[in-house]
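Me: Could you walk me through this structure, one question at a time?

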Amino acid sequence: MSTHKVGLVIVSHSAEVARGTAEMARQMGGDVTIVDAGGDAEGGLGSDVAKIMAAIEKAWSPAGVAILCDLGGAETNSEMAIEMRGGDPGAGIVVLKAPLVEGAVVAAAVAATGASLEEVRAAAEEMAS
Amino acid sequence: MPQDMKRLARALIEACADTIAANADRLTALDQAIGDGDHGANMKRGFAALREAADELAALPPSEALKKAGMTLVMKVGGASGPLYGSLLMAMGKTPGVDDGVDATRAAAMLAEGIAAVKARGKSDVGAKTMLDVLVPVHAALERAAADGADAKTLAEQLKATADAAAEATKPMRATRGRASFLGDRSIGHLDPGGESSRLLTHAICDVLVGEMAA
């Protein structure tokens, strides 16, 4: 078990959904860093690469970062953000294929135990299967 | 860059930004029918940012200009179309020989690189009722015209006609990617907004190239 905990980024088309989901996940997440990145650059509905990149930096942990997102554009923009960050594609940063709210809560609960990024991913993605 | 290349780059940016701005409301209306209704506004914001950066972009070699323009769209457009159009331009800029001059053959190679990037980014392909349903036929027409050695005017007419038919052909398609896929069969009978923006951009680019050749 690492002393570093996986960080979480919550990406929704709605800033309020992202904030609310992060709030619910924090209930389970103890000292896990959970950063919301919702809405477009102007505060409207949408997703924004710059916002997601900034959230990844804030959530950054040597144990890695897991991103949860709601709909297509949020996923596309999250993958773009990971790539634009540079370095090895996706090294230590993954987009989880899990429902946003349920996935975030499970990921936070598992990350809080000091689980690895792979363990966090597996637990959250089990939700979707 | 030589003055004529700078002028061409600026003309291309202006023409693309103009057509997107002029058609933003229509793109939004198309997107409201089968999507989340943000395509017009998102594209308008992205291409306005390109217009603002036109002088800077025109001063760069084409490979770097395309990379920077692609990054600008990624950061400014906002919806999924930002990463998609952004990846298209960035990949076009990575095509070998882009800075050695672009003829029809090289333009076809660039578009092929761009299309591959859009497919990868969107995890999609033709037939899913997306921009790829316009870009892929336009690329095929460009390749054919390049092989035939068509003159600029003929080439432009062929590409524009191909884009028109391809955009129209998205109407009967059932969306399997993007927000429209949630609608299932209800997506049938509507033009794809991404296909339409690709059609508009194809027209704008062709018109500039023909105009520049004549100039």
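This is a predicted model: local features need pLDDT of at least 70, side-chain atom pairs count only at pLDDT 80 or more; totals for chains, interfaces and linings use all residues.

Me: Let's start with strand S1 (residues 7-12) of chain A. How many of the six residues are buried?
Reply: Happy to. In a regular strand the side chains alternate between the two faces of the sheet. On one side of S1(A) sit A:Gly7, A:Val9 and A:Val11, on the other A:Leu8, A:Ile10 and A:Ser12, and both sets are buried. The strand is therefore largely enclosed by the rest of the structure, and the number of buried residues is six of the six.

Me: Which residue of S3(A) stands opposite A:Val9?
Reply: S3 covers residues 65-69 of chain A and runs parallel to S1(A), with five bridges joining the two. In this pairing, the residue of S3(A) opposite A:Val9 is A:Ile67.

Me: And in S2(A), what is the bridge partner of A:Ile10?
Reply: Strand S2 (residues 34-38) of chain A is also parallel to S1(A), and five bridges join them. The partner of A:Ile10 there is A:Asp36.

Me: Now for the charged side chains. How many salt bridges does a search of the whole structure find?
Reply: Side chains of opposite charge can pair when their charged atoms come close. The cut-off here is a Lys or Arg side-chain nitrogen within 4 Å of a carboxyl oxygen of Asp or Glu. Over all chains, the number found is 22.

Me: How many residues apart are B:Asp55 and B:Arg10?
Reply: These two side chains meet in a salt bridge, 2.8 Å from N to O. The pair links distant parts of the chain, with B:Asp55 in helix H3 (residues 54-58) of chain B and B:Arg10 in helix H1 (residues 3-34) of chain B. B:Asp55 is exposed at 54% relative accessibility, while B:Arg10 is partly exposed at 32%.

Me: Which helix of chain B holds B:Lys68, the partner of B:Glu56?
Reply: B:Lys68 and B:Glu56 form a salt bridge whose closest N and O atoms are 3.3 Å apart. Both residues count as partly exposed, B:Lys68 at 33% relative accessibility and B:Glu56 at 44%. B:Glu56 lies in helix H3 of chain B, so the pair ties together parts twelve residues apart in sequence, and the helix holding B:Lys68 is H4 (residues 62-77).

Me: What is the N to O distance between B:Lys171 and B:Glu168?
Reply: B:Lys171 is partly exposed, at 33% relative accessibility. B:Glu168 is partly exposed too, with a relative accessible area of 42%. Their side chains meet in a salt bridge, and the N to O distance is 3.4 Å.

Technical notes
Residues are numbered from 1 along each chain as its sequence is written. Chains are lettered from A and ligands numbered from 1 in the order in which they are written. Side-chain values use heavy atoms; hydrogens and water are left out. Buried means under 20% relative accessible area, exposed over 50%, partly exposed in between (1.4 Å probe, protein chains only). Helices (H or I, at least four residues) and strands (E, at least two) are DSSP runs, numbered from the N terminus. Two strands pair if DSSP finds at least two bridges between them.
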